[in-house]
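The sequence and structure are shown first.

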Amino acid sequence: MVRIVIPVEDKEAQRLSAHFGRAPYFAWFDLEKGEVTDKGVKPNDSSHFGSQGPPTERMMAMGADVVISAGMGQRAIQMFQNSTVAVLQAENMEVEQNLEDFRANRLTELTQGCLHAHEH
């Protein structure tokens with residue numbers, strides 16, 4: 001089983017958030033043999049929203065094996081890499097399409113942080 005966590009804009013987990021750290025929600029999907037066996041959405045209660053801990057810690061606490069994101073700062077990428085969480089570059093803003101791209105092994109590793117890390 002692999003758990004994928006994606007920063008999303010809505011509770012329905014249809015659209016990726018363009019702003020990683022300030023995403024209103026984090027959606028998670030458990031995949032076994034390419035099929036979603038469980039899923040959920042959790043509000044982003046990280047330090048960006050008045051709680052404690054960065055978004056990376058919140059996602060890792062959710063059991064993330066893989067994070068799919070439109071972009072994020074270099075520090076966040078390094079935090080995930082240091083904890084063995086794979087960070088993959090979203091190919092578009094639709095969650096379902098990115099899950100399909102993951103299943104087909106079409107997503108690439110996100111290694112370069114964005115220039116405006118405070119926005120993601």
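## Elements lining the pocket

Three elements, β2 (25-32), β3 (35-43) and α3 (95-103), each supply at least two residues of the lining of the second largest pocket. The largest contribution is that of β3, with 4 residues. The coordinates come from a predicted model.

The volume of this second largest pocket is about 150 Å³. Its lining consists of Glu12, Ala13, Ala27, Trp28, Phe29, Val36, Lys39, Gly40, Val41, Val95, Glu96 and Leu99. Sorted by class, the lining residues of the second largest pocket comprise 8 nonpolar, 1 polar and 3 charged.

## The strands β2 and β3

β2 is mostly covered, 7 of its 8 residues being buried. β2 pairs with β3 in the antiparallel sense, over 8 bridges, and Asp30 stands opposite Asp38 in β3. These two strands form a hairpin with 2 residues between them. Within the turn of that hairpin, Lys33 has a positive phi of about 50°.

β2 also pairs with β1: 7 bridges join these two strands, which run antiparallel. Val8 has Tyr25, in β2, as its bridge partner.

## The helix α3

Which residues of α3 are buried? They are Val95, Asn98, Leu99 and Asp101. These residues lie on the same side of α3, because they cover an arc of only 160° around the axis.

What do the buried residues of α3 pack against? Their packing partners are β1 (2-8), β2 and β4 (66-69). Two of the buried residues, Val95 and Leu99, also belong to the lining of the second largest pocket. Just after α3, Asn105 takes a positive phi of about 60°.

## The chain as a whole

The protein chain contains 3 helices and 5 strands. Read from the N terminus, the order of its elements is β-β-β-α-β-α-β-α.

Of the 120 residues in the protein chain, 41% count as buried. Among contacts in the protein chain with a separation of 6 or more, 48% are accounted for by residues 24 or more positions apart.

Technical notes: Residues are numbered from 1 along each chain as its sequence is written. This is a predicted model: local features need pLDDT of at least 70, side-chain atom pairs count only at pLDDT 80 or more; totals for chains, interfaces and linings use all residues. Side-chain values use heavy atoms; hydrogens and water are left out. On a 1 Å grid over the protein atoms alone, a cavity is a set of points where a 1.4 Å probe fits but cannot get out, and a pocket is an open set with protein on both sides within 12 Å along at least five of seven lines; lining residues have an atom within 4 Å of a point. Grid points are joined across faces, edges and corners, and a volume is the space filled by probe spheres set on the points. Ala, Val, Leu, Ile, Met, Phe, Trp, Tyr, Cys and Pro count as nonpolar, Asp, Glu, Lys and Arg as charged, and the others, Gly among them, as polar. Buried means under 20% relative accessible area, exposed over 50%, partly exposed in between (1.4 Å probe, protein chains only). The arc is that of the directions from the helix axis to the C-beta atoms. Contact means heavy atoms within 4.5 Å. Two strands pair if DSSP finds at least two bridges between them.
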